[in-house]
Amino acid sequence: MSSSSNVSIVTFIKSFHRHSLKIVFVFCCLFSETLWPVELSGILDKQSIGKEILILEDRSKSLTITDILKEETNQKFFPSKEEIPNFGQTNFHYWIKIPIENKSQELTKRLLEINYSNIDLVEVYAQTNGSYQLTDKLGMLFPFSDRQIKNRNFLFPLELDGNTSNTIYIKLYNGGGLSVPLTIWEKENFSLHYADIQHGLGLYYGVMIVMILYNFFIFLSVKDVSYLYYVTYILGFLGLQLTLTGHGFQYLWPNLPEFQRNGFVFFSGFCVASLILFTKRFLNTKKNLPSWLDQLLKVFFILHLIQIPLTLFFSPEITVKIGLLLTIPVPILIFVAAVISFLRHYRAARFFLLAFTVLIGASLVVVFKYLNLISENFLTEYGLYIGSASEVILLSIALADRINIMKEEKEVAQAKAIEMQKILTESYARFVPKDFLANLGKETILDVKLGDQIQKYMAVLFSDIRSFTTLSEQMSPEENFNFINSYLGRMSPIIQKHNGFIDKFIGDAIMALFERNITDAIFAGVDMQLYLKEYNYHRNKQGYVPIQIGVGIHAGSLMLGTIGAEERLEGTVISDTVNLASRVQNLTKIYGAKIAVTEAAIHAIDDKHIQSLQYRFLDRVRVKGKTKPVSVYEILNGDEPIFLEKKLKTKELYLEGTTAYHSGNFTEAKEKFEAVSKLFPEDKATQLYLKRLFPVTSPLPLSTEEFPEEEE
């Protein structure tokens, strides 16, 4: 190969390397649909071009049109993948590249619209006479009067001669969120569309102004500050909408661009602060809400007041973000407050919750749009108008309802009196059990009359503290009361747990009634004995003497009723059943039993529970007031484990001894009881039988004699 050939190859390689980027760029242009020019003559109505543009992010904020036109910079543009590009809260410069062409033979005119009025800077560059020139410069940084086309949104005329093309560059910057909905319109269709938008927004503004005047005049009439808070809230919300739509900048403050830039922060602070005041007043949050929620609303009220003057010291790049972060939690807190008030049956909350449900949903959608969390859609465009208009109307109805509430103050006072009576009735219930009233067939204590009575078959439980007199003498009166209340306060829930109710406290003794079945009373007694172990453990830790209790249970027919005089009534139970239950409880001291029950109680135990109970026969005794002996049994389930084991181990021998004794076979009875005593010398019942059997030649069965009074 010749040297000239080598030179040619080297030259080709250098040339290829120099132009490789151009080749790649051309290749991308050929195969990327976003680079095809927008054909103007084919747009007869409108066309969204969000996906037909190229975007360049300028983080340095220093690029000029000259820099953009350079080949290495131009290649950094990337195709848009969104119908409505949304750049969020980045605060960078963004360049939009829009290739357009006219395939028709005639001059074509269209309008390019950026349907987003809150952009600080918009610069448009188009090719004129072979070079790019700045054709328009507008935005919230400049007075509204500087705009070529006087419209709340940004409009730019597009003109192309037949069979020509052009590329438009748009530079954008915003201190807040930046969204760029780009649409190319046929001029006449745009005029019709804009007229419809104006009419719709005009109707919306009219509703808001009417609500402001309506509620302000009501405020002057009824002097309820809630109406004033509501008026200031609607004013703030209206100002916020005028700022966001651009109508405020167009018609009310066209020469105050800085106010337009800070309008969102100013009006949102004013609006939300007024809304919080209105909510607190309308829902009476101090009374109807948890204190933490009421205090949190106060905190956000103060923060939104502070937010307003921040516009004097900081740029929108900072204040807009602060405003958005402070605004997001408030609708949620107010919604929670409305729900809680509604669930607590606060009347005014009905309208409030209904009104704000729609508004809060619409507001959150708009806020999320500005945070670039969701893309633009029908709800982000028009939801806030629909939601806010509905909300102000519904809240006006809610405020009107307050007038009716004011007229009903007399009824409310009467209702409070009834409520107070209800509270008093509930207080009486602590002295007269509800179960007692229910058994008498009475709804409240007010229905009870002297002589009311009813006969029922029920179980009666008596419990008593052993040697309480001796224990009481060691304590002061105050200590006595504290001890008794502590003890009774622990035993009462056990009785209620087993479907019983306490008829009365007799000093340290408890008398309880069980209507459902005898098993409830027995298991209540067992649980009382079991809990006593835990109670004594705590008493022992505090240096107090452990206590023991006896429980006696009998079931039978009894009379519930009221006795006394007209001015002093007392509920009571009158029956031999009550007397026998009390006597059986006294027997626990003689026989060393924890729980004693009558034969009637044993026979009444249902089959489901009889297997789980351990019991043994104690004796047949004739108690005072009874002519026939009564069989008494001992329930063993509440005993200490060591004694329970011994009683179960000697149960058969003990039963043989009692059978022999009551059959008159005293010699055999003595042998059996002596055998039990060897195995279980601590058994007090066995020792009592042995005492009766000495001497064995002349014992008398207890069933034939009056049982002696037992000592305290």
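Okay, let's start with two helices that touch: Phe 483, Ser 486, Tyr 487, Arg 490, Met 491, Ile 494, Ile 495 and Lys 497 in helix 18 meet Ala 524, Asp 527, Met 528, Tyr 531, Leu 532, Tyr 535 and Arg 539 in helix 19. Contact here means heavy atoms within 4.5 Å. By class, that contact has ten nonpolar, one polar and four charged residues. For the classes, Ala, Val, Leu, Ile, Met, Phe, Trp, Tyr, Cys and Pro are nonpolar, Asp, Glu, Lys and Arg are charged, and the others, Gly among them, are polar.

Before I go on, this is a predicted model, where local features need pLDDT of at least 70 and side-chain atom pairs count only at pLDDT 80 or more, while totals for chains, interfaces and linings use all residues. Residues are numbered from 1 along each chain as its sequence is written, and side-chain values use heavy atoms, with hydrogens and water left out.

Zooming out, the protein has 26 helices and 21 strands. Those are DSSP runs numbered from the N terminus: H or I of at least four residues for helices, E of at least two for strands. Of the 712 residues, 49% are buried, meaning under 20% relative accessible area with a 1.4 Å probe, protein chains only.

On to helix 4, residues 187-222. From first C-alpha to last, its 36 residues reach 52 Å, close to the 52 Å expected at 1.5 Å a residue; the expected span is 1.5 Å times one less than the number of residues. Its buried residues include Phe 190, Tyr 205 and Phe 219. What caps the N-terminal end of helix 4? That's Glu 186, with a side-chain oxygen 3.1 Å from the backbone nitrogen of Glu 188. After helix 4 comes Lys 223, with a positive phi, near 60°.

Leaving aside neighbours within four places in sequence, Thr 245 is in contact with Ser 117, Arg 152, Tyr 205 and Tyr 385. Is Thr 245 buried or exposed? Buried, with a relative accessible area of 1%.

Last one: Gln 260, in helix 7 (residues 257-261). Gln 260 is buried, with a relative accessible area of 1%. Its side chain makes a polar contact with the side chain of Trp 253, at 2.8 Å. A polar contact is a pair of N or O atoms within 3.5 Å; within protein, one must be able to donate a hydrogen and the other to accept it, and residues adjacent in sequence count only if both atoms are side-chain atoms.

Technical notes
Buried < 20%, exposed > 50% of the residue type's maximum accessible area, 1.4 Å probe, protein only.
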